[in-house]
Amino acid sequence: MNRQLNISVLLIFLLLSNLALAQYDLNIYGGGQTVLNSYNDLKVGKTEDKQISVQFRRFYGTPSPSKWKLTVRLLDDYYSGNYMVPADMSTLSTNKQGGNFNQLAFSVVGRDLPLSKYQESTIVESTTPLPEGNYYTLNFDLTIRGGSHLLTIPNGTYLNTYEFSLYDTSSGRDQLLMRKTSPSGVARFQLNYVGNHGDQLAELRNGANEFIFNFDSPDDIAKGKTITINNALFIKSYQGHQVLVKTADNMMYNNTMSNSLPVSILRLKATLNSFEGANPSDARDVKVFGPIALSGNEQVLTSFPKWSQSMSYNLELSIPPNQKELQQASGRYETYLYFVIVPN
């Protein structure tokens, strides 16, 4: 008897909940996809206008909440096969040239909203009554941020899915009125960079994926330290190219984040180790620049104007003697170093 009563109450609750959700309507329409096709696009990022549109309304006879909001999040990171770009490397911004934003009086409209797969971003929070019968149509631009996350992945179309939620916030709490997800892959962008076409590779070998400097005494600081790894950087490119190098940031921080060191105290030098090409004498056209004081900005490490089968470089990373920045430093400091092939 008790079990039947509980089931009946549950069914009535679900029926009432579905009835409440049916009083509102929310639709999502995908637009185009941004195509990043230059090195500058990969560094800086790019925006697709009206990449996503949202329509919402209340049905006739349904009272409007005195205050409401619309939120957005992504269901996952962007994927193309096994390659990934984090969701938080994208933002959504309002496109005031299309839609009904001008009708949303007494509203707070978000700009450059950070997208996340973990939490929602509020697009609009308003006391303007929800439209009855007719739709509000809002358009949004999708921006993909540039940086190392784009420079280290291959060409392809990277896909994701939006989730939009409409809430009644009149009581000070979020009461869900309607939630919709876009079709899979509507949130998307494409990499079509010429430097990613063809058979090419930048690969660290012989343990060159990690350089560890240990400074145990003032004498170490006075003398400086150098680490050399032979045959450390392997390059394969189908055309004339440059190899650029940059760090993840201009500063590296200790593990407690209480102190920092400029990456410029590190010096990088490359020397040609091996060369394979149609004409071995072309090796004399390989140019090597440095030693380079490292920076968060790209710098040319090597260049070659022709085709070659492959080449490899020895890498020497050093901290010169008597760097004053090391005098008060303590703990472990880290940064990432990126090597990027770009066509001449």
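Two strands are taken to pair if DSSP finds at least two bridges between them. Strands (E, at least two residues) and helices (H or I, at least four) are DSSP runs, numbered from the N terminus. The model is predicted: local features need pLDDT of at least 70, side-chain atom pairs count only at pLDDT 80 or more, and totals for chains, interfaces and linings use all residues. Residues are numbered from 1 along each chain as its sequence is written, and side-chain values use heavy atoms, with hydrogens and water left out.

Strand 1 (residues 24-30) runs antiparallel to strand 3 (residues 45-58), and seven bridges join the two. Aspartate 25 stands opposite arginine 57 in strand 3. Strand 1 is mostly covered, with five of its seven residues buried. Buried here means under 20% relative accessible area, exposed means over 50%, and partly exposed lies in between (1.4 Å probe, protein chains only).

Overall, the chain holds four helices and 27 strands. Its radius of gyration is 28 Å, whereas a compact globule of 344 residues would have a value near 20 Å. The radius is taken over C-alpha atoms, and the globule rule is 2.2 Å times the number of residues to the power 0.38. The C-alpha trace spans about 80 × 50 × 50 Å along its principal axes. Of the 344 residues, 43% are buried.

The bridge partner of threonine 271 is asparagine 314 in strand 25. In a regular strand, side chains alternate between the two faces of the sheet.

Leucine 151 belongs to helix 3 (residues 148-151). Leucine 151 counts as buried because its relative accessible area is 13%. Not counting residues up to four places away in sequence, leucine 151 touches Tyr39, Leu42, Glu298 and Val340. Contact means heavy atoms within 4.5 Å. Leucine 151 and leucine 42 lie 109 residues apart in sequence, yet their C-alpha atoms are 6.2 Å apart in space. Across the chain, 77% of contacts between residues at least 6 apart in sequence join residues at least 24 apart.
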